[in-house]
Amino acid sequence: MDYDLLDLGPGMTVLDLGCGEGRHAFEAYRRGAKVVAVDWGVPEVETTKRWLGAIAEAGEAPEGAAYEVVRGDLLHLPFPDASVDRVMASEVLEHIPDDVTAMAEIFRVLKPGGRAVVTVPRYGPERICWALSDEYHANEGGHIRIYTAPVVRTRLASVGLTPGASHHAHALHAPFWWLKCAVGVNRDSALVRAYHRLLVWDLTKRPWLTRTAERFLDPLIGKSLVVYADKPATSIGLSGAGGAASAERGETAAAR
């Protein structure tokens with residue numbers, strides 16, 4: 001995600017939903033935010049907490065930054081209405097059967113004028129992965145749908161959010177997953193290991209060559225779709241949102 005498009009500033013309260021091992025929470029914390037990282041997985045919560053603590057001990061976060069890591073259900077977020085400035089939900093909605101309720105929870109906890117960023121696997125690269133391997137998605141906690149951009153934007157709008165800018169990311173990751181799916185997701189392969197080392201090198205060193213290549217390839221084969229959405233500064237009641245949400249749930253097949 002682009003933290004400038006998210007308009008994330010020091011002192012903001014930021015939720016990282018489905019934080020995994022905390023990569024996005026780390027960057028928000030380093031930018032001075034008050035970060036609350038949320039995940040259902042106990043190992044993910046512990047890992048994120050440990051790394052955020054290490055960032056604090058290393059003095060990599062500015063004065064005023066803060067963090068908390070909690071175990072929580074994205075369908076029933078343990079936060080008051082209109083209590084946070086920004087929400088990040090990266091690569092998590094494709095795992096949730098009732099994704100519209102999760103989006104409604106994002107709307108609920110955002111302050112009026114707040115902004116959310118949602119990332120999901122992009123339709124084209126994801127469809128190739130599904131075609132190559134059932135192991136990739138057909139497992140407990142796996143991907144249950146393939147989104148198109150219009151579906152993401154329509155469902156965000158159905159809960160009261162206003163979708164805005166969007167872009168694609170992680171083009172270099174798409175061939176990696178195609179390769180893993182082709183040889184077997186759980187199979188050890190020298191070629192897969194070599195590609196993984198390239199990705200780690202890219203993530204840690206940010207070399208000019210791979211950064212330039214990904215910038216040009218993202219519009220073509222970017223693995224992720226990234227959508228930014230705002231909660232209107234003056235929020236009207238969503239008395240009809242339940243019906244809209246129900247209609248969206250009925251259209252789930254269109255996103256598969």
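**Terms and values**

Guide: Glu91 has a relative accessible area of 27% and is partly exposed. The model is predicted, so local features need pLDDT of at least 70 and side-chain atom pairs count only at pLDDT 80 or more, while totals for chains, interfaces and linings use all residues. Residues are numbered from 1 along each chain as its sequence is written, and side-chain values use heavy atoms, with hydrogens and water left out.

Visitor: Why is Glu91 called partly exposed?

Guide: Buried means under 20% relative accessible area and exposed over 50%, with partly exposed in between (1.4 Å probe, protein chains only). Glu91, at 27%, is therefore partly exposed.

Visitor: Where does Glu91 lie?

Guide: Glu91 is in the loop between strand 4 (84-90) and helix 3 (99-109); helices (H or I, at least four residues) and strands (E, at least two) are DSSP runs, numbered from the N terminus. Its phi is near 55°, a positive value in a residue other than glycine.

Visitor: What makes Asp7 partly exposed?

Guide: The relative accessible area of Asp7 is 45%, so this residue is partly exposed. Asp7 is placed in the segment before strand 1 (13-17), and its phi is also positive, near 55°.

Visitor: How many helices and strands has the protein, and why is it called as compact as a globular protein of its length?

Guide: There are 9 helices and 7 strands. The radius of gyration, taken over C-alpha atoms, is set against 2.2 Å times the number of residues to the power 0.38. For 256 residues this globule rule gives 18 Å, and the protein has 18 Å, so the description holds.
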